[in-house]
Amino acid sequence: MPILQVNFKLNVSSAEYRKIADSVAQTIADAPGLVWKVWLLNEQDGEAGGIYLFQDGQSLAAYLSSPVIGQIKSLPQLREISAKRFDTIPELTAVTRGPIPALLNASPASIN
């Protein structure tokens, strides 16, 4: 299952960013193939982002091409936006109890 990591700098206060995030949270939640998103915020350094888990690479690619990403890129409140795609390592993720659905019912011993 692929992971998308998005990071950016804020041109607004953390409170203002939370309002923006709240306005798009349900749209992001409704993205086809999205399993979950963890929202990130570093108030001290004025940075934010998210870690997303998708069912497959096609869903992740479709999300990156979606209007919501275009909207996020056009926001003057955000700058230095980066998006990186990663593959997961299921065996190690199971050992460290990562929240990947296919692994939730597997014990580390059963994966080896």
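Student: How many residues line the largest pocket, and which lie nearest its centre?

Tutor: The lining has 20 residues, and Val6, Phe8, Tyr52, Ile69 and Ile72 are those nearest the centre. The model is a predicted one, in which local features need pLDDT of at least 70 and side-chain atom pairs pLDDT 80 or more, while totals for chains, interfaces and linings use all residues. Residues are numbered from 1 along each chain as its sequence is written, and side-chain values use heavy atoms, without hydrogens and water.

Student: What makes a set of points a pocket rather than a cavity?

Tutor: On a 1 Å grid over the protein atoms alone, a cavity is a set of points where a 1.4 Å probe fits but cannot get out, whereas a pocket is an open set with protein on both sides within 12 Å along at least five of seven lines; lining residues have an atom within 4 Å of a point. The largest pocket holds about 220 Å³ of space, a volume being the space filled by probe spheres set on points joined across faces, edges and corners.

Student: Which helix or strand supplies the largest share of the lining of the largest pocket?

Tutor: H1 does, with 5 residues. At least two residues each come from S1 (2–10), H1 (14–29), S2 (34–42), S3 (47–54), H3 (67–74) and S4 (78–87). These labels are DSSP runs numbered from the N terminus: helices are H or I with at least four residues, strands E with at least two. The protein chain has 5 helices and 4 strands, in the pattern β-α-β-β-α-α-β-α-α along the sequence.

Student: How are the residues of the lining divided into nonpolar, polar and charged?

Tutor: There are 16 nonpolar, 2 polar and 2 charged residues. Ala, Val, Leu, Ile, Met, Phe, Trp, Tyr, Cys and Pro count as nonpolar, Asp, Glu, Lys and Arg as charged, and the others, Gly among them, as polar.

Student: Why are S1 and S3 said to pair?

Tutor: Pairing needs at least two bridges found by DSSP. S1 and S3 have 7, in the antiparallel sense, so they pair by that definition. Lys9 stands opposite Glu47 in S3. S2 and S3 also pair in the antiparallel sense, over 8 bridges, with Leu40 opposite Gly49 in S3. Their hairpin has 4 residues between the strands, and Gly46 there takes a positive phi near 65°.

Student: In what order do the 4 strands form the sheet?

Tutor: The open sheet runs S2-S3-S1-S4, with antiparallel pairing. S2 and S4 are edge strands, each pairing on one side only.

Student: Why is S3 called largely enclosed?

Tutor: Buried means under 20% relative accessible area, exposed over 50%, and partly exposed in between, with a 1.4 Å probe and protein chains only. In S3, 6 of the 8 residues are buried, so the strand is largely enclosed by the rest of the structure. Over the 112 residues of the protein chain, 35% are buried.

Student: Is Thr27 buried, exposed or partly exposed, and how do you know?

Tutor: Thr27, in helix H1, has a relative accessible area of 47%.
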